[in-house]
Amino acid sequence: WSSDVCSSDLQFLRTHLVWPAGRKNKKVEGKVIVKFYIERDGTCSQFKILRSLSPAFDTEALRVLKLMPKWNVDSTAKGGTWYVLPVSFKKQNVQQ
């Protein structure tokens, strides 16, 4: 599989993640760990939060991951694969 996160995937996350609104979210930073399945055609499905930051941040991480374009996968692979991705929320790399 060549489905490792590449710079274009990270750039997509950086440009599309939006800081959740609300006063209680202003000082929160950290990671939401998401597991999902990558199909043979590169589409992603079966998203599951493995480590939560808070419901608002979890929702935002899932929203953006579901928007991602198809992943580049090895066309000779016989089936899909599971992937675990940390989605970081830091003040300097998320739109506010």
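Which residues does Gln 46 touch, not counting residues up to four places away in sequence? I looked up its contacts, meaning heavy atoms within 4.5 Å. Gln 46 touches Lys 35, Phe 36, Tyr 37 and Trp 82.

**Ground rules.** I am reading a predicted model, where local features need pLDDT of at least 70, side-chain atom pairs count only at pLDDT 80 or more, and totals for chains, interfaces and linings use all residues. I number residues from 1 along each chain as its sequence is written, and side-chain values use heavy atoms, with hydrogens and water left out.

**Confidence.** I checked pLDDT, the predictor's confidence in each residue, from 0 to 100. The protein chain has a mean of 83, and 84% of its residues reach 70 or more. I took helices (H or I, at least four residues) and strands (E, at least two) as DSSP runs, numbered from the N terminus.

**Hairpin.** I next looked at β1 (residues 30–38), which pairs with β2 in the antiparallel sense over 5 bridges. Pairing needs at least two DSSP bridges between the strands. The hairpin leaves 5 residues between β1 and β2, and Gly 42 in the turn has a positive phi of about 95°. Lys 35 has Lys 48 in β2 as its bridge partner.

**Back to Gln 46.** Gln 46 lies in β2. I found its C-alpha 7.9 Å from that of Lys 35, 11 residues apart along the chain. Gln 46 counts as partly exposed because its relative accessibility is 48%. Buried is under 20% relative accessible area, exposed over 50%, partly exposed in between (1.4 Å probe, protein chains only).

**Helix α2.** I noted buried residues in α2, including Phe 57, Leu 62 and Leu 65.
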